[in-house]
Amino acid sequence: ERAAAKGGWQGGWQPRAQPVWQPMFAMGGGWGKSKGKGKGKSMKSFPPSQRVWVGSLAEGTTWKELQEHMDGAGKTKWCEVFENKGKGTGAVAFETDVEAANAVATLNGSVLKGSAIECDGWTKKEEEAP
């Protein structure tokens, strides 16, 4: 007779819990379009006190150019240049509300790509009369 299972076979064979195989695209992120560094963030993930609205952007300004310009006032966490309806405007989120306030104070009227930009605190979007 066998000794009481010492080190292995008690209770019969049990498979190890292994994850069900999934193709890479089914694991999230679609076909190789990973979101990279800012993973899943958007302007909405930041409190309004840390966001700055930017207007009068020169046509063709990229978020990268805007970010480099805004980094002069503090560490930017998110940067966006709006297309279509909000053309010529953008939004920047800073690490702290102090940096955001500093950006409005120091960068309002500064020149980016030959155009003087407007910086203002973030407020709920109101429809502007055309």
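Accessible areas here come from the Shrake-Rupley method with a 1.4 Å probe, and for residues only the protein chains shown count as cover. On that basis the protein chain has an accessible surface of about 10100 Å², and 54% of it belongs to carbon and sulfur atoms. This is a predicted model, in which local features need pLDDT of at least 70 and side-chain atom pairs count only at pLDDT 80 or more, while totals for chains, interfaces and linings use all residues. Residues are numbered from 1 along each chain as its sequence is written, and side-chain values use heavy atoms, with hydrogens and water left out.

**Overall layout**

- The protein chain holds 2 helices and 6 strands. Helices (H or I, at least four residues) and strands (E, at least two) are DSSP runs, numbered from the N terminus.
- Read from the N terminus, the order of elements is β-α-β-β-α-β-β-β.
- Of the 130 residues in the protein chain, 26% are buried. Buried means under 20% relative accessible area, exposed means over 50%, and partly exposed lies in between (1.4 Å probe, protein chains only).
- Among contacts in the protein chain with a separation of 6 or more, 63% join residues 24 or more positions apart. A contact means heavy atoms within 4.5 Å.

**Nonpolar cores**

- A nonpolar core is a set of buried Ala, Val, Leu, Ile, Met, Phe, Trp, Tyr and Cys residues joined through side-chain atoms within 4.5 Å.
- The largest nonpolar core has 16 residues, and Val52, Val54, Leu66 and Met70 have the most contacts inside it.
- Strand 1, helix 1, strand 2, strand 3 and helix 2 each give two or more residues to this core. Helix 2 supplies the largest share, 3 residues.
- Another core, of 5 residues, lies apart from it; Met43, Phe46, Ala91 and Ala93 are among its members.
- Valine 54 contacts Leu66, Met70, Gly88, Thr89, Gly90, Val92, Ile117 and Glu118, leaving aside neighbours within four places in sequence.

**Helix 1**

- Leu66, Gln67, His69 and Met70 are buried in helix 1. These residues are on the same side of helix 1 because they cover an arc of only 165° around the axis. The arc is that of the directions from the helix axis to the C-beta atoms.
- The cover over the buried residues of helix 1 includes strand 1, strand 2, strand 3, helix 2, strand 4 and strand 6.

**Helix 2**

- Helix 2 spans residues 97–107, and its buried residues are Ala100, Ala103 and Leu107. They cover an arc of only 65° around the axis, so they sit on the same side of helix 2.
- Val98 and Ala105 are exposed, on the face of helix 2 turned away from its buried side.
- Strand 1 (51–55), helix 1 (63–70), strand 3 (90–94) and strand 6 (118–121) are included in what covers the buried residues of helix 2.
- Glycine 109 follows helix 2 and has a positive phi, near 90°.

**Asparagine 108**

- Asparagine 108 lies in the loop between helix 2 and strand 4 (111–112). Its relative accessible area is 43%, so asparagine 108 is partly exposed.
- Not counting residues up to four places away in sequence, asparagine 108 touches Ala103, Ile117, Glu118 and Cys119.
- A polar atom of the asparagine 108 side chain lies 2.9 Å from the backbone nitrogen of cysteine 119.
- Asparagine 108 and glutamate 118 are 10 residues apart along the chain, with 4.9 Å between their C-alpha atoms.

**Glutamine 50**

- Glutamine 50 is in the segment before strand 1. Glutamine 50 counts as buried because its relative accessibility is 17%.
- Beyond its neighbours within four places in sequence, glutamine 50 contacts Val92, Ala93, Phe94, Glu95, Thr96, Asp97 and Ala100.

- Serine 56 is not a glycine, yet has a positive phi of about 60°. Serine 56 lies in the loop between strand 1 and helix 1. At 31% relative accessibility, this serine is partly exposed.
- Asparagine 84 is not a glycine either, and has a positive phi of about 50°. Asparagine 84 is in the loop between strand 2 (76–81) and strand 3. With a relative accessible area of 68%, asparagine 84 is exposed.

Terms used
Polar contact = N/O pair within 3.5 Å; in protein donor to acceptor, adjacent residues only side chain to side chain.
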